[in-house]
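Here is a short briefing on a protein chain. Look over the sequence and the structure first, then read the points below.

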Amino acid sequence: MGRESDAKGDAKLKQKGTKLKRLSDRENAGSGGDLIKKRSSKSKEKKNDGSPKQVREVLEPVGSCSDLVKLELQGDFTEKKKKGLKRKRVKDEPIEEEAAFVSERGIKPLSDEEASEGEAQKKESKKKPKKTVKKEEEEQPVTKKPKRSKEEIEEAKMLKMKKKEEEEQSRWRWWEEERYEDGVKWKCLEHNGPYFPPEYQPLPDNVNFFYNGKKMKLSLAAEEVALFFAQMLDHEYTTKKVFRENFFRDWRKEMTHQERLVISDLEKCDFRELHAFHKDKVEARKALSKEEKQAQKDANQKIVDKYGFCLLDNHRERIGNFKLEPPGLFRGRGEHPKQGMLKKRIQPEDIIINCGKESKPPAPPAGHHWKEVRHDNTVTWLASWTENVQGSIKYIMLNANSKLKGEKDWEKYEVARKLKSCVDSIRDGYLRDLKSKQMVTRQRAVALYFIDKLALRAGNEKEEGETADTVGCCSLRVEHITLHDELDGNDCVVEFDFLGKDSIRYYNKVPVIKKVFKNIKLFMESKDPGDELFDRLNTALLNKHLSSLMPGLTAKVFRTYNASITLQQQLQQLTNKSDNVAEKLLSYNRANRAVAILCNHQRAPPKTFEQSMANLHSKIVARKEQLALAKTELKLAKKELKTRGSPDSKLQSVVDRKAAAVKRCEDQLLKMEVQATDREENKQIALGTSKLNYLDPRISVAWCKNMDVPIEKIYNKTQREKFAWAIDMTEADFEF
């Protein structure tokens, strides 16, 4: 950017008619460092008699400060010749090589416009490879956009502002309205029901399934399930024993009796033609023309317009997941014991519809009927059904930025804020209970200690084999705990190692108080590794006790409270108002990371992480070189101005421009270095989960207002819509 603006300024100077003498070949290199000048040798240039002369441009260091100014006024070390005097390139000088040769020395190559003018003078019809420039993300051919006038830019800004104002005016400001009595979520609800995925289309006749080397025609139901497996052949799931066994068992249930007699071994099944058919369909979708893609987009928009919105209390609200999940094979997370099982197609007869009494219930697909139609305004879901793999109830709900979701979030954070006023008395209570004579009370006290200090989830009891072996605090087993009287210089250390929600491993070594350590020893006595640590406690008993201490208090409220209060404290400690925006954002992400670590929000490093970091570091190195060059140019320009003695407006403008270029480079370099630090620190931490679900958004909004950071730097557009209530109502002095 700095070089482009310099080039523009130099072009203006040239337009004023400033023409300076070309530097002599004999001038000696001075203290110009990386600065360069041109001299002639071997490149094609016509003589007066028409015979070609071999001349080549060579770059050398600039000899003196006056040379720098001469070159500066000529325009970024390039000399624009009259038409007809453009030199021709020699065959052994491709454009890419020259561009690389020039860029190695930190000098900007010729622009596309200048290069194209030179090409126009060539008599040969042979085409040269087009020059490309490397953009921030990837290499792409240069595409010149028509330059917009100031009036057009201003008009575009005004249009964007007007659109934003219209969106604000049309937004339902439900948080300013009077709330309904307890339990009532809505008074009017009307929608068109869920959108069902299309029915299965049979395979063409030239796509065949083979068993034991022989072609075999499958029934429609068996063929559909076989295609589910074939689609995943290039995925590691299909190599896992549990996945293959679960799939084969469920697939045989869909077969006819005759097919089951023949197909008895998955190893003898050949799905390769089905897999190739699927890959061809994927490639065909990618190869669609612009018009075909637009037609698909228009068709999808019609589906959204019909099924993706509802009327809630006479306001049009977006529905979140209005499309039913198509049938397929269950994958699960981690090593889920049910991976590979068949997720069956959901039928209208499986679905319960919820809508207003006064509204017209949505019509089921032809030839079908709903399982039930309800009019329950104490719940927020529009439709529900029970899925077949885990037996859990699924819901169709409104979008995250809807009134119902916003009210739920607001209420959740308000309950967590109330905990702040009584958390000290609750802590005193469970510390006293550590010495109780009743074992159940002691177990409850230790569990509360872990939930409060480590933000552990409460956990639920699960039947063996029904779901993945994930646990929470109340369902910890003896094998998940290791006690150390002394470890790493700390006394009374508890080592946790178990799978938490979504099969994410929780591993932590935590020093605890002696009373907790002694109680855990007591709980583990005479127990096998597979026995429960808190054998007299469950989540229901724990939450019942918590609700007696404060209305609405559950183990999850503790987690929300600790996450939000940690963010607020970390922001106060880490942020400096004198920092620039990039440094403030780094401080915010570090505060957010402290919460994510507390809540064990981990992720695997992205597959492209190493490559993206390498690209970023190469940009940092290039920017440092550019900064060094800019500083040298500024130093020489200042020296030249000083030697003149008398004021020179042209030289002063050069100095000002070079100083601005140095400042730009320094800002860009700092931004890149902060970005590299941030990426490295966050490669295995998922910041989004805590930001969206556990952190009161009013803390972030107040921080942005206090630190003069645009809210757009913290929340993207979707998140700003979700937290519109917090952005609108929060003042700079808000405290959680």
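Lysine 240 lies over the face of tyrosine 237, 4.7 Å from the ring centre. Keep in mind that this is a predicted model.

**Charges over rings**
- Tyrosine 237, the ring under lysine 240, also belongs to a cluster of linked rings.
- A second case involves arginine 316, which lies over the face of phenylalanine 309. Here the distance to the ring centre is 3.6 Å.

**The ring cluster**
- Which residues are linked into a cluster by ring pairs? They are Phe209, Phe229, Tyr237, Phe243, Phe247, Phe248, Trp251 and Phe271.

**Aromatic pairs**
- The count of aromatic pairs comes to 24.
- One of them joins phenylalanine 209 and phenylalanine 271. Their ring centres are 5.4 Å apart, with 50 degrees between the planes, and the pair is tilted.
- This pair links distant parts of the chain, 62 residues apart. Phenylalanine 209 sits in strand 6 (residues 209-211). Phenylalanine 271 is in the loop between strand 8 (269-270) and helix 9 (272-286).
- Are phenylalanine 209 and phenylalanine 271 buried or exposed? Both are buried.
- Tryptophan 381 and tyrosine 395 also form a tilted pair. The centres are 5.7 Å apart, and the planes are 40 degrees apart.
- Tryptophan 381 lies in the loop between strand 14 (372-374) and strand 15 (383-386).
- Why does tryptophan 381 count as buried? Its relative accessible area is 10%, and buried means under 20%.
- Tyrosine 395 counts as partly exposed because its relative accessibility is 35%, which falls between the cut-offs of 20% and 50%.

**Helix 12**
- Helix 12 (residues 439-454) has 16 residues. From first C-alpha to last it reaches 22 Å, close to the 22 Å expected at 1.5 Å a residue.
- How many residues of helix 12 are buried? The number is 12 of 16, and the helix is mostly covered.
- Among the buried residues are Arg444, Tyr449, Phe450 and Asp452.
- Alanine 455 follows helix 12. Its phi is positive, near 55 degrees.

**A region from the record**
- UniProt lists residues 564-591 as "coiled-coil region", in an unreviewed entry.
- In the model, residues 564-591 are 79% helix and 0% strand. The end C-alpha atoms of this stretch are 10 Å apart.

Technical notes: Residues are numbered from 1 along each chain as its sequence is written. This is a predicted model: local features need pLDDT of at least 70, side-chain atom pairs count only at pLDDT 80 or more; totals for chains, interfaces and linings use all residues. Side-chain values use heavy atoms; hydrogens and water are left out. Rings of Phe, Tyr and Trp (its six-membered ring) pair if their centres lie within 6.5 Å; planes under 30 degrees apart count as stacked, over 60 as edge-to-face and the rest as tilted. Helices (H or I, at least four residues) and strands (E, at least two) are DSSP runs, numbered from the N terminus. Buried means under 20% relative accessible area, exposed over 50%, partly exposed in between (1.4 Å probe, protein chains only). A charge sits over a ring if NZ of Lys or CZ of Arg is within 6 Å of the ring centre and within 35 degrees of the ring normal. UniProt positions are given in the numbering used here, feature names are shortened, and annotations may be inferred rather than shown by experiment. The expected span of a helix is 1.5 Å times one less than its number of residues.
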